[in-house]
Amino acid sequence: MDGQIHTKTYDCTMLEHMPIGVALFDAQDLGLLAANTLFHTFIDTFLDPTWKNGRAIGHSIIEYLPKAKETGVVAIFRRVAKTGIPYSAGEFAFSGFESGITYWNWTLDPIRDSDGRVVQLIQTATEITAQVLACQEAERVHAALSQTNRIAETDRKRLEVIETVAHSVRESLDADNISMAAIKAVNTYFDALYVYIHIANPTQKTLELLHIHPVPAKKPLLSSVQHIPYDSSFPIAQAYKQHNPIIIENLQTTPSLGIIDSSNALVMSGGHGYACVPLWFGDTFEGTLTAVFKECISDDGPEVQALVGSGMYIAAALAHARLHRTVENERRQLRAVLDQLPEGILITEASNGYISYANAAAANILGIPVTSLTGIPLNRHPQILTLIHDALPAYRTRFSMNNDPQAAYKENPIFPWHFAVIRALGGETISSQEAMVVRPDGNKVITLSSSAPLRIEGGDITGAVIVFQDVTAQKSIEQQKNEFLSIASHELRTPITAIQGFAEILQMNATQEQSLSSQSLRALTFINEQSQSLNRLIEEMLDLTRIENAQLLLNLAPHDLISTIKHVIETQAAADTNHNFQFVLEGLQDTLIGVFDENRFVQVLNNLISNAIKYSPAGSRIEVGLRYSPTTPHEALIWVKDSGIGIAANELPHIFKRFHRASGLDRSISGLGIGLYLVQEVVTRHRGRVWAESTEGSGSTFYVQFPLKSKEA
Ligand code: ADP
């Protein structure tokens, strides 16, 4: 008995010290029979103060735990009492206290009598509210963290897509590469069913498929996206009207909303999310970037952001491709025109001097196939040997002395076109350069070429163009004509000099001896005058050939301009008594020394005065003037003024040209149209300037601005 008491005491002591609340209930009325201190603490803490300090003992759980019924606790007690099956609950949420929800681990075990009937119930309880809340908090934090991670992950995906596209833009501006990179990136980072790019065709008002990935196995889907007219009912067709992306969160529910036909191939493909980004470059609609996703998407989801982000790069690449196509087309058209031109054209690049373009005419003239012409710098072209007629007389002389062009090339490997190109690359435009080209077959071609710089916007020079034509035939005719003129003039000069000389002797003898009738004397005088004018004409023709052959050289020496002019006027006045000659001096009195070729100056003055005589009526006045001003001490102005027929305004620009005579001219007035050409040649060779002012019907004035210290031009 003693032992029993002791055991009971120990039991009670142990229960007292257990870290869990323990209570004993009557299985019938659920009355609280006994409880350890911790259990009492629970009662004191959570229950109405009425039940404090052990006052719950002897009372049913239903009484002191008012919500026990509602929360199912009573049912559990009854079940255990009835079935004898123990009950155990972890994290039992109990909201029956005023303090709100509390969490409990509790068990309920049946205690049976010797007949096996459940007579009592023993409950253990531990309050784990703090732990559960801590756990919940941890879970919340964990959930929040994984949400952040998810966001970071989608953000990363979005950025990866954009970065991939941006990278491909940095690599090249090829719209194809960039589009493929974008499509693949979207496919890789997002669960896309299809990604595709359309290019806008504003003329046809359609969107043309550029790429789709993966290529749909089903034909209807592929053909439904191949050409999309702007007036199609599919949402993508609205893209050209807007900048914002077109988003369909779920294609599968959209048909029920009436936006897309449920038989639409995309809907049939089983896709959910749909995003179409209009690709704009400035004000130009370039096309669309579209993706169909396996899952639903949201307006501001990472997929849409990735598409929008890469869309900007794709739009730029498409715009670049478009502009490139336009430029290429224009270039092709221009090339087609250039290819057809009869003039030879070569384009040289500023960057490396290489010939980048040669047309068929160039190849033909130079006797070198187009393919061999291009890709080699002009100055190192082994086959083009050219000589500039005017710029390099020494070279020309050497060349004409040496009949072997290859030897000439080795001796002096300078290509005049190279100079022209260098000058053109320096910004100069050089026109009408005569050059001789020796073709690979040894034939010589005379070309007339012009060179000009090629500039881009902003003025930078990117190359030079040389345009040339084959003037060999014209040159040869001209040369024959010159040779004929030269020979004819020489051949004529000898007999005419003899005629003139003998006529003068006869005239002199007849005058001294008075042996001839006045009629014969007049005839002799006429012969003399005519042979003189014939002589002048022959001299002019010879001068012409001298100019052609670059043989008109000046014999410069100091002379007095005033006395030279006076002498010319006196001679002219003696020969022509029909006109009234006046010499006007302005700004000086006696002498004006200048360095010039006196014979040539006399020729100029004679020509101008002869014209004044020829083209003005007998009895009219011819004024020859000389003006000198100390403000321009290096030059003098000379003029010859008549009151004759004058020159029409439209003729004035042409009268100094070779063989040109005014169109309305009375053809009985003799002349070849050489005089003024020679005047101009002589004056410009003295570095002077000649021009005419005239009013038709009331006379002309010819001005010569003449430098006093000439150097040969
Ligand atoms: P031409 O031998 O015909 O006189 P020029 O070369 O001397 O040749 O002159 C060219 C043309 O200019 C003439 O044919 C004439 O039409 C015009 N001309 C020249 N001088 C005069 C002038 N003083 N008055 C009117 N016309 C002139």
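Let's start with Phe659, which counts as partly exposed because its relative accessibility is 39%; here buried means under 20% relative accessible area, exposed over 50%, and partly exposed in between, with a 1.4 Å probe and protein chains only. Phe659 also has a positive phi of about 65 degrees, although it is not a glycine. You'll find Phe659 in the loop between strand S22 (635-641) and helix H20 (675-685). Helices (H or I, at least four residues) and strands (E, at least two) are DSSP runs, numbered from the N terminus.

A quick word on what we're looking at. This is a predicted model, where local features need pLDDT of at least 70, side-chain atom pairs count only at pLDDT 80 or more, and totals for chains, interfaces and linings use all residues. Residues are numbered from 1 along each chain as its sequence is written, and side-chain values use heavy atoms, with hydrogens and water left out.

Back to the backbone, then. Most residues other than glycine have a negative phi, and most peptide bonds are trans. Glu91, not a glycine either, has a positive phi of about 50 degrees, and Glu91 belongs to strand S3 (residues 87-97). Then there's the peptide bond from His213 to Pro214, which is cis, with omega near -10 degrees. Pro214 sits in the loop between strand S7 (206-213) and helix H7 (219-226).

Now, what about the cysteines? A search of the whole structure turns up 0 disulfides, a disulfide being a pair of cysteine sulfur atoms within 2.5 Å. Cys276 is in no disulfide, and the nearest cysteine sulfur, that of Cys296, is 18 Å away. Is Cys276 buried or exposed? Cys276 counts as buried, at 0% relative accessibility, while Cys296 is partly exposed, with a relative accessible area of 43%.

Finally, let's zoom out. The protein chain has 20 helices and 24 strands. Its radius of gyration is 58 Å, well over the 27 Å that the globule rule gives for 713 residues, so the chain is more spread out than a compact globule. That radius is taken over C-alpha atoms, and the globule rule is 2.2 Å times the number of residues to the power 0.38. Along the principal axes, the C-alpha atoms fill a box of roughly 205 × 60 × 55 Å. Of the 713 residues, 41% count as buried. And with contact meaning heavy atoms within 4.5 Å, residues 24 or more positions apart account for 58% of the contacts with a separation of 6 or more. Thanks, everyone!
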